[in-house]
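Work through the exercises below with the sequence and the model open. Each task is followed by a solution in steps.

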Amino acid sequence: MLDILSNYGVMFLVGSWPNGPIGGFAATIILAGLGVLLSFPLALLIGLARAGSLRWPRYLATAWVYTFRGIPLVMIIFWAYFILPRMTGVTVPAFVTALCAIVIYESAFLGEIVRAGLQGLPAGQTEAARASGLSYAQTMWNVILPQALTNMLPSLVNQFVSTIKATSIVYVIGVQEVTFAAQQINSIELNSALQTFLVLAAFYFVACYVISSLAQLLEQKLARKRLGLA
Amino acid sequence: MEFDWGFLGTGNYAQKLATGVLTTLELFGTAWVGGFIIALLIVALRAVPFKPLGMLMRLFVEYHRNVPTVVQIMVWYFGMPQLLPDDLRMWINRGQSEFLFATVALSLNVSAYFSEDIRSGLRAIPHTQVEAGRSIGLSAVSVMRYVTVPQALRISVPPLLNRSLILFKDTSLAMVIGVTELTYQVKAIENLTFRSFEVFAISTLIYLACSLLIMGLGAWFGKRFPPAFKV
C-alpha cells in the first residue's frame, strides 16, 4: 500500500495537474465544495417554500424534494449529460455536467435541512417579530435565518461529507477526480488493485472522518451555547 | 424532439429492462436481509465488554460510513480476489461474481448504518423503564412486549427505512462493476438505440415509484407510531 502511495501520491492528490486539468482528490473537494455552495441558495428557497404557508410554492418544493431524493445520482448525471448540451447548444465539459447534477441532487437534501432548521425554532420568534412590525422578509432575514442557520451548521457540514462521498460516482462520465485517478492507476499497476483501492478508500476516510468529527464538535458547542453554558 | 416508444417492442429491449428491474430488486432484497443480519451481529458484539472487539466494531462502522459506497464495491470486486487462492478465484469468476461482490459490499455497507440505528433505539430506553415495568408486576417478556420494544421500534424504524431508501438508490452503483441492474441496462439500451430520453424517462419513473413506496412507508409509520417521547 505504501509503495502505491509513494509512487502515485501526487496523482491521487491532484491528478495530472500541472500538465493537465486539476484532478485527483483536489478535484473531488472542489466539486463537492462548489456543489454544496451553489445548491445552498436553491435549498434556501426550497426550505422557505416547504416551511411557508403559500400553497403552490409548497407543493412545488415538496415535489422537487421527493423527486430528487427518490432518484439515484447516477440517473441525474445521465439526464444532465443528455439535456445540458441540448439546452445550451454547446458541448458541456464533464466537470460542469457533474456539478449541475450534484447541485440539483443536493438541493433536495439541503432543502430538507433548511426546512428542519426553520421549523426547529419556536413559533414565538416569528410571532414576536411580526407583532413588532417587521415584514415577512425582514422577519426571515433579521430574526429567523440567523438563528436557524447557526443551528443548521452541523447538518450542513455533514451534508458536505455526504457530497464528497457522492462525487465518487461522477467518474462514469469521465470527470477526473480521485476515483478516476485510482482507476487509471489500477490500469497501470496490474497486480495491486487491492492496495490501490484501499489507498483511495483511505483518502476518503481521512477527509470524511475529520470533517464529521468537526461537525460533531460544532454540535456539542452549539448545544452548550443553547444551554447558556458557554 | 420527437419521442418514439416503438423501440420497446423491437429486439429484446423490453426484456432487458425487465431483467434490470428484477436484478435491482434482487440486489436490494439480498443486501437488505444480509445487512440486517450482520447489523444484529454487530449490535450483539458491541455489547460484549471486551475493549479490542468494541474498537474493531467501531472501525468497521466508521470505515463503511466514511468511504463512498462505490469505492467499497470496487475494493471488493477488484481488490479482494487478489487475496483468494487461484482455484477459488476461478470458481467465483465462472459464476456471476459481479452480483456476489456487489451484494457483499452493499450488505456490509448498510449493516454499519443499520447497527447504529438499532443501537440508538436500544440506548434511548432508560433502564428505569424496565424496572418500573417489573415492579408493577409485568414479566420480563411482557416488559419487552409492552414497554421497551414498542418504544425502541418507534425510534429505530424511521432511520432504518430512510437507510433502506438510500440502499435502494445505491444498488445503481453496482453498474460500475457490470452488475446488470436497471441503470446498467439503461446505459446498454441507450447505446444500442440512442433513444436516451425514452429510456431515461422509463427508468427514472421506475426508480421514483419504488422510492416513493419506501418514503410512503416511512411517512405512514411516523403517523401510525409517533415517538413515545422526545429524545
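**Exercise 1.** Does Gln119(A) count as buried or exposed, and why?

*Solution.* The model is a predicted one. Begin with the location: Gln119(A) lies in helix 5 of chain A. Next, count the C-beta neighbours inside 10 Å; Gln119(A) has 12. A residue with 12 or fewer is exposed. Gln119(A) therefore counts as exposed.

**Exercise 2.** Describe how helix 2 and helix 5 of chain A pack.

*Solution.* Take the geometry to start with. Helix 2 covers residues 24-51 of chain A and helix 5 covers residues 94-120 of chain A; their axes are 5 Å apart and the angle is about 45°. Helix 2 of chain A is therefore oblique to helix 5 of chain A. Then assign the hand: the crossing of helix 2 and helix 5 of chain A is right-handed. Finally, sort the residues of this contact by type, which gives 17 nonpolar, 6 polar and 3 charged.

**Exercise 3.** Find the largest nonpolar core and state which residues have the most contacts inside it.

*Solution.* The largest nonpolar core holds 106 residues. Those with the most contacts inside this core are Ile76(A), Ile77(A), Ala101(A) and Ile73(B). Now ask which element gives the most to this core: helix 5 of chain A does, with 14 residues. Then take Ile73(B) and set aside its neighbours within four places in sequence. Ile73(B) is in contact with Ala102(B), Ala105(B), Leu173(B), Ala174(B), Val176(B) and Ile177(B).

**Exercise 4.** Which residues of helix 8 of chain A are buried, and what covers them?

*Solution.* Burial requires 20 or more other C-beta atoms within 10 Å. In helix 8 of chain A, the buried residues include Val178(A), Thr179(A), Phe180(A), Ala181(A), Ala182(A), Ile185(A) and Asn186(A). Their cover includes helix 1 (2-14), helix 2 and helix 9 of chain A, along with helix 3 (69-79) of chain B.

**Exercise 5.** How many residues does each chain bring to the contact between chains A and B, and which helices of chain A take part?

*Solution.* Chain A brings 27 residues and chain B brings 30 residues. On the chain A side, helix 3 (55-70), helix 4 (73-88), helix 8 (178-188) and helix 9 (193-226) each supply at least two residues. Helix 9 of chain A has the largest share of that side, 11 residues. By type, the chain A side divides into 20 nonpolar, 6 polar and 1 charged.

Definitions and conventions
Residues numbered from 1 in each chain as written. Chains lettered and ligands numbered in written order. Predicted model: local features only at pLDDT ≥ 70, side-chain atom pairs only at ≥ 80, totals over all residues. Contact = placed C-beta atoms within 7 Å. Helix = DSSP H or I, 4+ residues; strand = E, 2+ residues; numbered from the N terminus. Nonpolar A, V, L, I, M, F, W, Y, C, P; charged D, E, K, R; others polar. Axes fitted to C-alpha atoms, helices over the stretch in contact; angles between N-to-C directions. Parallel < 35°, antiparallel > 145°, perpendicular 65-115°, else oblique. Left-handed = near helix turned anticlockwise from the far one by under 90°. Core = buried A, V, L, I, M, F, W, Y, C linked by C-beta atoms within 7 Å.
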